[in-house]
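Subject: Structure for your files

Hello,

Here is the structure I said I would pass on. My notes on it follow below.

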Amino acid sequence: MKDLFKIANKKFKSRLIVGTGKYKNFSECAKAIKYSGAEIVTVAVRRVNIVDKKKPLLMDYIDPKKITYLPNTAGCFTSEDALRTLRLAREIGGWKLVKLEVLGDKKNLFPDMIETLRSTEVLSKEGFKVMVYCSDDPLMAKRLENSGAVAIMPLAAPIGSGLGIQNYTNIKIIRSQTKLPVIIDAGIGQASDATIAMELGCDGVLINTAIAKAKNPFEMAEAMKFAVIAGRKSFISGRISKTLHGSPSTTNRGII
Amino acid sequence: MKKTKKIKIILNGKTRSFQKITSVYDLMRSLKISPDKVAIELNKEIINKKIIKSLYLKNKDKIEIVHFIGGG
């Protein structure tokens, strides 16, 4: 059965998006991406090292023609910084599909939703396809949709915390009220968290720390790949209803 | 008459002096950075990489050169 993951009219087979930060080096990162089967990776925009030009480049390890680069505004705390970052990202290679993240709290890395909303509006008007990191507040998710977002990306828990999904109900409400893809972004700790996200009906999962900082990032990348597939298949297959009592798996007919 | 001009610009946050550099194109060549893998800002405005040959630099210009790195 063909079950493609669509974002802003682009189609992908894999529903797992991975981050490229926190790895020991680019070669470890590239290998983990292979194991994960991800077709989209998030990348950050930073100053070129003018002094040490021999420093390896991300593009030499991860081919942007084969893997979709999703420029992200990691580390931006104002709308102004986020807009500047994504406009620069577009200039590097013509990327229109971007991930917006405007942080509001240095300790918990929660998004500043007022600045996020404002930036989504501006970027959409400039022709960007904006995937938006947000709180798990259904009302804010709705507002983002009205501001032109192409994907809603609620956090499961604080970035890098590995706590797993904290609020099943809100995620389900966000999923049920929108036609846009809902992608869990941040907070995944282990494979079962990714499966649960998909079983709640989410369209995808974005994972960085849980893979990059695992003892064995390659095995964890593969575990996440299967976890997302399992969760998705489980969701679309239609689970049985829960009952309080037992129901025998074997018929009584012909019993001796 | 040939003059060797020396200019001071603020490159990625640091003041640097260059000789014989007049355009953004010259700067990229002297830094050995290929323009197609980066984005360039001149005094906080993103510049069109196609016209860097005709974008001239002057003292105290602020240049930012950025690229993609690993991130979440």
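With 21 C-beta neighbours inside 10 Å, A:I7 counts as buried, because the cut-off is 20 or more. This is a predicted model, so please read everything here as computed from the prediction.

To stay with A:I7: the residue lies in strand β1 of chain A, residues 5-7. Beyond its neighbours within four places in sequence, A:I7 is in contact with A:L97, A:M131, A:V150, A:A151 and A:P181. The pair A:I7 and A:A151 is separated by 144 residues in sequence, yet the two C-alpha atoms are 7.0 Å apart.

If residues up to four places away in sequence are not counted, A:M224 touches A:L16, A:S36, A:A191, A:A194, A:I207 and A:I211.

Chain A as a whole

Chain A contains nine helices and ten strands. Its radius of gyration is 20 Å, close to the 18 Å that the globule rule gives for 256 residues, so chain A is as compact as a globular protein of that length. The C-alpha trace of chain A spans about 85 × 40 × 35 Å along its principal axes. Of the 256 residues, 44% count as buried. Taking contacts in chain A between residues at least 6 apart in sequence, 63% join residues at least 24 apart.

Helix α4 of chain A

Helix α4(A) covers residues 113-125. Its 13 residues should span 18 Å at 1.5 Å a residue, and the end C-alpha atoms are 18 Å apart, which agrees. The buried residues of α4(A) are A:E115, A:T116, A:L117, A:S119, A:T120 and A:L123. Among the elements that cover them are α3 (79-93), β6 (97-100), β7 (129-134) and α5 (138-146) of chain A. After α4(A) comes A:G127, which has a positive phi near 95 degrees.

The contact between chains A and B

Chain A puts 27 residues into the contact and chain B puts in 19 residues. On the side of chain A that touches chain B, the elements giving two or more residues are β4 (40-47), α2 (58-61), β5 (68-72) and α3. β4(A) gives the most, with six residues. By class, this side of chain A has 15 nonpolar, seven polar and five charged residues.

Which strand of chain B does β4(A) pair with? The partner is β5(B), residues 62-70, and the pairing is antiparallel over five bridges. Within it, A:V43 has B:G70 as its bridge partner, and A:A44 stands opposite B:I69.

β5(B) also pairs inside its own chain. With β1(B), residues 6-11, the pairing is parallel over two bridges, and B:L11 has B:I63 as its bridge partner. With β3(B), residues 39-42, the pairing is antiparallel over four bridges, and B:I40 stands opposite B:I65. Seven of the nine residues of β5(B) are buried, so the strand is largely enclosed by the rest of the structure.

Regards

Note on methods:
Residues are numbered from 1 along each chain as its sequence is written. Chains are lettered from A and ligands numbered from 1 in the order in which they are written. This is a predicted model: local features need pLDDT of at least 70, side-chain atom pairs count only at pLDDT 80 or more; totals for chains, interfaces and linings use all residues. The expected span of a helix is 1.5 Å times one less than its number of residues. A residue is buried if 20 or more other C-beta atoms lie within 10 Å of its own, exposed if 12 or fewer, and partly exposed in between; C-beta atoms are placed from the backbone. Two residues are in contact if their C-beta atoms, placed from the backbone, lie within 7 Å. Ala, Val, Leu, Ile, Met, Phe, Trp, Tyr, Cys and Pro count as nonpolar, Asp, Glu, Lys and Arg as charged, and the others, Gly among them, as polar. Two strands pair if DSSP finds at least two bridges between them. The radius of gyration is taken over C-alpha atoms; the globule rule is 2.2 Å times the number of residues to the power 0.38.
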